[in-house]
Amino acid sequence: TGFPLQQALVPTIKTAVTKMSLKSAVYRPMTPTNNMIIQRNCDIKAYAIHRKKVENALPLVDNKPTRRHIHMCTRLKKRQMEEERQAIIQKDNKILLENMAHIMSTKGLVDNRNEYKPKSLNVITRQRELIRIMHENRAILKRIHHVEASHDRMQLEARWKR
């Protein structure tokens, strides 16, 4: 029965005594003393208290890994984009399945009619240009027909026969 500190230190004092007694056979205190036995017991208790404090000491340097932030690990935007992509794929698959079911339930005729008519923005300009070229060609043809030949055909045939 003693003080609570003394009761808590009893096991550590015993280990300290064995450690100190193994170091040297002769006890030599650091400070001058009148009674070596009392001084040795005080030193053993002080050493036991010191060892207990060292065992219970908390680190001063925080060497734990950094805290992981959930919003950095989960990548919510990537997950959202993947879900949107999966939704589009599901929608396309559903449309394809409906089309296949329609083909299987009917005769499955192929729609190969193309009702597309080419459209141009300069149709009127091209038509005007075509009309202008046709008028020029007619005018050239008229001039060619109205011009008299520079060579006499009768003379050429007569020369050929000779």
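Visitor: What should I know about the model and its numbering before I start?

Guide: It's a predicted model, where local features need pLDDT of at least 70, side-chain atom pairs count only at pLDDT 80 or more, and totals for chains, interfaces and linings use all residues. Residues are numbered from 1 along each chain as its sequence is written, and side-chain values use heavy atoms, with hydrogens and water left out.

Visitor: How many salt bridges does a search of the whole structure find?

Guide: The general idea: side chains of opposite charge can pair when their charged atoms come close. Here a salt bridge is a side-chain nitrogen of Lys or Arg within 4 Å of a carboxyl oxygen of Asp or Glu. The search turns up four.

Visitor: Where do Arg-85 and Glu-82 lie?

Guide: Both sit in helix α4 (residues 76-105), three residues apart, about one turn. Helices here are DSSP runs (H or I, at least four residues), numbered from the N terminus.

Visitor: What about Glu-157 and Arg-153?

Guide: Their side chains meet in a salt bridge at 3.4 Å, N to O, four residues apart in helix α6 (residues 153-161). Arg-153 counts as exposed at 60%.

Visitor: Which residues do shared partners join into one network?

Guide: Glu-129, Arg-132 and Glu-136. Glu-136 and Arg-132 have their closest N and O atoms 2.6 Å apart.

Conventions
Helices (H or I, at least four residues) and strands (E, at least two) are DSSP runs, numbered from the N terminus. Buried means under 20% relative accessible area, exposed over 50%, partly exposed in between (1.4 Å probe, protein chains only).
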